[in-house]
Amino acid sequence: MRGIIYFLAGFFSLPSFAALTHITNAELGLMHSLYHAQDRDISKQTLHKRLLENQFLIAQADKRALPLVTRHSDVGFSNNYHVRRYLRAMLTHLYPKLAQQQSISASLDWTSEKLTAVLGKYPDSGRYSDEQLHIWYGIELMKSPKLTLGDIINDQSMQGRFALHHGDTIQLQTAINEYIRFHNLTTHASTALAKNGLTLERLKLLALGELLRPPMQTYLGIKDEMHGERSDYVEAIRSSLSTKEVNQFYKKNKKDFKYLDNLFALAVIFEDQQHAYAIFKEVKRTSISSTMQRHDLINHFAESDKIQAPVKITRQHAQAWLAQFAFSSQLGQVSRPIRMPSGLWAIVYTEQPTFKFHDPSSETVRYRASLSLTREKAMNKYEKLFSDWKKHHGIKL
C-alpha cells in the first residue's frame, strides 16, 4: 500500500495558477463597488495596488508549492469552497436579481448506511490514503455539473468530513446543493459578465487573492503569526541573523533594554480589608514613615520583624508575590490595598529605584533583536520580491 498523505488532492499535485498581471477597469470597478458595499473605505488607486499585490502573493504561493494554495489549514474548508462563497458575493452584488433566483436541489438516493459503508471510519490522523481518494474521486454524484464524492470530501472542513463518515446524508445533501446553486448562479451570470468585460476565471483569481493575502503575508513574515509560530521562510531569516547584527541593534536601541533591577520597598500585611484601607487612607493624609511608627507596623520585606523602613529588594525576593506587586507599583506612592492569594490584604510602598541594562549577550536582547530584525529583513525581502515581480511583468503603479 502506498503511503498515507493529506486528504486534499492538491497535496500530491498542487495546481498551477497563472496569476493576473493586470487589473482591468471593469474588475477594479467591481471590486471597488464591493468594498464600498462592505463599508471598507479605500481609494481605487490603493485598491488597484492591493489587487495586484494579491496576485503577486498567489504567484509566490504557487512558486513555493505551498499547501495553503488549496487550503489554509487541515481543519478548515478548502479554498475552492471559500472562492465560491466570495464569487457568490461578487455576482449577487453586481447582479442583485441573481440572488432572487429559485434554489435548485438535487435528489440524493444515498442512505446513511451507504455513505458510512463507502467512507468507512474517519481516520484518527485526519488523513486519507491515496487509494481512498482515488476511489472517492471515481464515485460520481452528478453528471452536470460533474461532481464526485472526492470533490465533496476535499471541500469539507474537518467537522464536515467527520459528519460524512458518520453517515450524515443531510451534510452531503447540503454540500451538493451548494455546488449546484453556485453552478446555476455562474451559468446565469455568464452572459452578463461577458457584456461587462468580465470573466469568471479572472474573478476567481481576484477572489483567491483576497483569501490568500493574510496567510501569505504571514508566511512571508510581514504579518504576525498566531501563537508565535513561524513559517520555514521566516525561520530561515531568523536563523541567518549574526551576532554582529544583534550587537548593532543593541547599540542602536540600548535605551529599550533598560530595566528596573532593584528598589527599596516596604509591605504591610493585614488580616482584613477594612484595616488595610484605614491604614492606606492615613498614609495618604500623613506619610508612610509616621503611620508605620504610630501603629507599630513592620515591613514584611525585611528579615527582621523590627524594621519599619523600606529595604532593598529584587524580583527574586522570598516574598515573591509581594515583590512582583512592588515592582509594578508606582514609585513614591503607597499602593491601594490588594488581596493576596492567601486571602490576606497588603499595601506596598516603593522608592529609590536602580535601573540597569540587559547584557548584549542575554536571551532578552537576542529575543527582542531577533523579532525586530527578522521583521525588518522580511519586509525588505517582501518589497524586493514584489518589485522584481512588477518589473518582470512590466507593471507600473
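## The overall picture

The chain folds into 15 helices and eight strands. Its radius of gyration is 32 Å, well over the 21 Å that the globule rule gives for 397 residues, so the chain is more spread out than a compact globule. Keep in mind as you look around that this is a predicted model.

As for what's tucked away, buried residues account for 43% of the 397 residues in the chain.

## Salt bridges across the chain

There are 17 salt bridges to look for here. One of them pairs Glu27 with Arg202, whose closest N and O atoms are 2.5 Å apart. This pair ties together distant parts of the chain: Glu27 sits in helix H1 (residues 25–37) and Arg202 in helix H9 (residues 200–219), 175 residues apart. Are these two residues buried or exposed? Both Glu27 and Arg202 are buried.

Another one joins Asp261 and Lys356, with 3.6 Å from N to O. Here, too, distant parts of the chain are linked, with Asp261 in strand S5 (residues 258–270) and Lys356 in strand S8 (residues 345–357), 95 residues apart. Lys356 has a relative accessible area of 40%, so it counts as partly exposed.

Which residues are linked in a network of salt bridges? They are Arg84, Arg88, Asp155 and Glu178. Within that group, Arg84 forms a salt bridge with Glu178, and their closest N and O atoms are 2.9 Å apart. Arg84 belongs to helix H3 (residues 79–94) and Glu178 to helix H8 (residues 169–195), so to speak two distant parts of the chain, 94 residues apart.

Why does Arg84 count as buried? Its relative accessibility is 8%, and buried means under 20%. Glu178 is buried as well, because its relative accessible area is 13%.

## Charge on the surface

Now for the outside. Lys281, Lys284, Arg285 and Arg336 gather in a patch of positive charge on the surface. One member, Arg336, is found in the loop between helix H14 (320–327) and strand S7 (338–339). Arg336 counts as exposed because its relative accessible area is 53%, and the cut-off for exposed is over 50%.

## A tyrosine in helix H1

Back in helix H1, you'll find Tyr35. With a relative accessible area of 2%, Tyr35 is buried.

Most peptide bonds are trans, and most residues other than glycine have a negative phi. With that in mind, a few spots deserve a look. A cis peptide bond joins Ser144 and Pro145, with omega at about -5 degrees. Pro145 lies in the loop between strand S3 (140–143) and strand S4 (146–148).

Then there are two aspartates with a positive phi: Asp39, near 60 degrees, and Asp296, near 55 degrees. Asp39 is in the loop between H1 and helix H2 (44–63), while Asp296 is in the loop between helix H13 (288–294) and strand S6 (311–314). How do they sit relative to the surface, buried or exposed? Asp39 is exposed, with a relative accessible area of 73%, and Asp296 is exposed too, at 61%.

Definitions and conventions:
Residues numbered from 1 in each chain as written. Predicted model: local features only at pLDDT ≥ 70, side-chain atom pairs only at ≥ 80, totals over all residues. Heavy atoms only, no water. Patch = residues over 30% accessible without salt bridge, like charges linked within 9 Å, V, L, I, M, F, W, Y side chains within 5 Å. Areas by Shrake-Rupley, 256 points an atom, 1.4 Å probe, with all protein chains shown as cover. Salt bridge = Lys/Arg side-chain N within 4 Å of Asp/Glu carboxyl O. Lys, Arg positive; Asp, Glu negative; His and termini not counted. Charge placed at Lys NZ, Arg CZ, Asp CG, Glu CD. Helix = DSSP H or I, 4+ residues; strand = E, 2+ residues; numbered from the N terminus. Buried < 20%, exposed > 50% of the residue type's maximum accessible area, 1.4 Å probe, protein only. Rg over C-alpha atoms; globule rule 2.2 N^0.38 Å.
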